Amino acid sequence: MLIIKNAKILDPASGFDRTGDIEVENGRITMLGGSSDRPLKKGDQVIDAAGMTVAPGLIDTHVHFRDPGFTYKEDIFTGARAAAAGGFTTVVCMANTKPVADNEKTVSYIMEKAAKTGIHVLTAAAVSRNFEGKELTDFQKLMECGAVGFTDDGIPLKDGELVEKAMMLAAQLNVPISLHEEDPAMIERPGVNKGKVSEILGYGGASSASEYTMVRRDCELALKTRADVVIQHISAAETVDIIRDYWHRGAKVHGEVTPQHFSLTEEIVLEKGSLARVNPPIRTERDRQALIEGLKDGTLDIISTDHAPHSREEKEKDIKEAPSGMIGLETSLALGITSLVKPGHLDLMTLLEKMTVNPAGLYHLDAGTLREGGRADMVIFDEKETWTVGDHFHSKSNNSPFIGKELTGKVKYTICDGRVVYQD
């Protein structure tokens, strides 16, 4: 048995907010919020969580574990360790592996390896064969192999007719489809916002219009097809407005935002160089504030990291040559507390809602809530502890622009299926 004592227990799914104890047996919660007075037996584990918060295990529906094909950057095991260190008990991998996860063999390989990690590692499969945007994959067969969603993340789907067909199929199968929205015709060079910083660097950059023009098209298709459509890693103020409009019109469109986009502005590129190069780029303070307003009013309902590891050697290249992307699993919760909760934009319960019950509901997961009889997936954290981000991570990679930054909120334990899989 595992007993957690004296914890502040928060469950966004039910609104449960109480200080008390939790008992866990055989991977399930047997008592929630009462006072545990059972005599201890040999092998029982007790965690004194006084001054700490217990919440459902965090869920990240947008990670890149680079396996198969790019395991010098990350693999399923190291990615899972990074996730556990960040308080995550469930993650969904993207399909841009090598080979692309557009076939039964690759999806089955990911799921078989994922089952050995100690947390719940799931995967999306590709929308189009080989990410070419020309022919749809076999959604039904890929779901039978374990795929929980579909995305060509990393590459935009330019063919609107193909996107509509994909949405119609996703709606029939009751599965989400996630879209990377950047029109390459409107990008001089990716990874940095087209604006004052790109001008200083002589870089070219990616305009916000490259994002919101595609979003407008795909929100209209979402309204038409009634599919659950995720607009990934939103970066532009105009995108938030479009999603809000279509959300009010009844489209089942879900706004996803990353901690880097609600925490930083384009000036970080001048300080951190290629570590801050990411697609879509980090934009202006106006955009950042619009993302925060979208989080506050529910337009943006999911926080995901877009955890994108790259080797040190790759990121040490000139910013024009380095790949886009940054890791994020180990700093995500702390950035939410630091950038959203401490300034008063969101309360802690609402932050956790966007990192637990909302993604669980979208992906139809048995996760994201704390209840008696339910799965014992939990994160225990100190919402007031400050710490400085170092340059050594549980991930294989260290490509984070937050290295050296002081954050508030520290993960102390991660528990998955009743087992401690991370302890600070």
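This passage describes the overall build of the chain and then takes a look at one of its helices, α2. The structure is a predicted model, in which local features need pLDDT of at least 70 and side-chain atom pairs count only at pLDDT 80 or more, while totals for chains, interfaces and linings use all residues. Residues are numbered from 1 along each chain as its sequence is written, and side-chain values use heavy atoms, with hydrogens and water left out.

The chain contains 14 helices and 16 strands (DSSP runs, H or I of at least four residues for helices and E of at least two for strands, numbered from the N terminus). Its radius of gyration, taken over C-alpha atoms, is 21 Å, close to the 22 Å from the globule rule for 424 residues, so the chain is as compact as a globular protein of that length. That rule is 2.2 Å times the number of residues to the power 0.38. Of the 424 residues, 62% are buried (under 20% relative accessible area, with exposed meaning over 50% and partly exposed in between, for a 1.4 Å probe and protein chains only).

Helix α2 spans residues 104–114, and its buried residues are T106, V107, I110, K113 and A114. These cover an arc of only 135° around the axis, which puts them on the same side of α2; the arc is that of the directions from the helix axis to the C-beta atoms. K105 and E112, by contrast, are exposed on the other side of α2. The cover over the buried residues of α2 includes α1 (76–85), β8 (120–123) and α3 (139–144).

Key. Contact = heavy atoms within 4.5 Å.
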